[in-house]
Amino acid sequence: MATPAPVTIRRATQADAPAYARIMGDPLVMPTLLQLPYTSEEAWRARLAETLAPGKADLLLVAERPDARGAMEVVGTAGLHPAGPAVRRRHAMHLGISVAGHAQGQGVGSALMQALCDYADRWGHVLRLELTVFVDNDRAIALYQRFGFRHEGVHRGFALRDGAYVDVISMARLHPAPPRIDTALS
Ligand SMILES: CC(C)(COP(=O)(O)OP(=O)(O)OC[C@H]1O[C@@H](n2cnc3c(N)ncnc32)[C@H](O)[C@@H]1OP(=O)(O)O)[C@@H](O)C(=O)NCCC(=O)NCCS
C-alpha cells in the first residue's frame, strides 16, 4: 500500500462543518468521544460559528491531505478549549482530538498533537493541558503519554457509551519549560 501523503495542519473554518460531521459521526470515532449519534452538518456549522467567534480563546485545527483523486480531504480535527471561566484557571485548557477511521494509525494524530503542544507552549501561554479518555482507549492513551501527559486519576462510571457506563482517566501535561521574562536584558 502507498505511504499516505503528509498532512497539512491549518485552522478550522465554518466551511469545515461537513468534515466535522463526517469525522464525529464515524463509528470508529463517535463512541470514543462524548459525541452523540445523529450529528449533522448544520449542528457543526452552528458550533463552529460559536467557537470561532472573535475574542474566543479556543483553537480549532484540522489536518488535511490529498485523497486518491488529489483533492484535499480533512482527515483529523483537534482543539484546545478554555478549562472554564475562572480567572485563576486561565493557564489550563482542555484538549480534544479525533482522526477519521480510515486515517488512524498513520501519524495524523501525532501531527495534530505536536501542533497543539507547540501552540500551547510557544504562543498560547498555556501551562496545563487537560483531557479525559476512556480507560480502554489504548491508542489514545499511548499517544498522550508520548506527548508528556500523565495519569491523574479515574472517574468511575463517567459516561454512557453504547448502553454501559464506562470509566475515564484524567490526564494532564504541564508545560515542560515555562517561559520567563528575562529582566537582565531590559
Ligand atoms: C487516538 C487518535 C487521535 C490517535 O491518532 P492516530 O492518527 O491514529 O495516531 P498516530 O498514527 O499518530 O499514532 C498512533 C500511535 O499509537 C500506536 N498504537 C496504535 N494502536 C495502539 C494500541 N492499541 N495501543 C497502544 N498503541 C497503539 C501506534 O503504533 C502509533 O505509535 P507510533 O507512532 O509510535 O507507531 C485516533 O486514533 C483517533 O482519533 N481515534 C478515535 C477518536 C479518539 O479516540 N480520540 C481521543 C479521545 S480522548
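Author: One definition to begin with: helices (H or I, at least four residues) and strands (E, at least two) are DSSP runs, numbered from the N terminus. This is a predicted model.

Reader: OK. Which element gives the largest share of the shell around the ligand?

Author: That is H4, with 5 residues. Strand E4 (92–99), helix H3 (108–122), strand E5 (128–134) and helix H4 (138–146) each supply at least two residues of the shell.

Reader: How many residues surround the ligand, and which are the closest?

Author: The ligand is surrounded by 21 residues, and Thr 32, Gly 109, Ser 110, Asp 138 and Ala 142 are the closest.

Reader: How do the residues of that shell divide into nonpolar, polar and charged?

Author: There are 10 nonpolar, 9 polar and 2 charged residues in the shell.

Reader: Switching to the sheet. What is the order of its strands?

Author: The order is E1-E2-E3-E4-E5-E7-E6, in an open sheet of 7 strands with mixed pairing. Strand E1 (8–11) and strand E6 (150–161) are at the edges, and each has a single partner strand, so one side of each lacks a neighbour in the sheet. On average, neighbouring strands of the sheet are turned by 30° against each other, direction ignored.

Reader: How do E2 and E3 run, and how many bridges join them?

Author: Strand E2 (residues 59–66) and strand E3 (residues 72–82) run antiparallel and are joined by 8 bridges. They form a hairpin with 5 residues between them, and Gly 70 in the turn has a positive phi of about 95°.

Reader: Which residue in E3 is the bridge partner of Pro 66?

Author: Met 72 is the partner of Pro 66. Glu 64, in turn, has Val 74 in E3 as its bridge partner.

Reader: And E3 to E4, how many bridges there?

Author: 7 bridges, with E3 and E4 running antiparallel. Leu 80 is opposite Leu 95 in E4, and Gly 79 is opposite Gly 96 in E4.

Reader: Next pair: do E4 and E5 pair in the parallel or antiparallel sense?

Author: E4 and E5 are parallel, over 3 bridges. His 94 stands opposite Glu 130 in E5. With H3, these two strands make a right-handed β-α-β unit.

Reader: Which strands does H3 lie across?

Author: H3 lies across E1, E2, E3, E4 and E5, and runs at about 35° to E3.

Reader: Last topic, H1 and H2. What describes a pair of packed helices anyway?

Author: Two packed helices are described by the angle between their axes and the distance between the axes. For helix H1 (residues 17–24) and helix H2 (residues 41–51), the axes come within 8 Å and cross at roughly 120°. The crossing of H1 and H2 is right-handed.

Reader: Which residues make the contact?

Author: From H1 they are Ala 17, Pro 18, Tyr 20 and Ala 21, and from H2 they are Glu 41, Trp 44, Arg 45 and Leu 48. The residues of this contact of H1 with H2 divide into 6 nonpolar, no polar and 2 charged.

Key. Residues numbered from 1 in each chain as written. Predicted model: local features only at pLDDT ≥ 70, side-chain atom pairs only at ≥ 80, totals over all residues. Near = placed C-beta within 6 Å. Nonpolar A, V, L, I, M, F, W, Y, C, P; charged D, E, K, R; others polar. Pairing = 2+ DSSP bridges. Axes fitted to C-alpha atoms, helices over the stretch in contact; angles between N-to-C directions. Contact = placed C-beta atoms within 7 Å. Left-handed = near helix turned anticlockwise from the far one by under 90°. Right-handed = clockwise from strand over helix to strand, strands pointing away.
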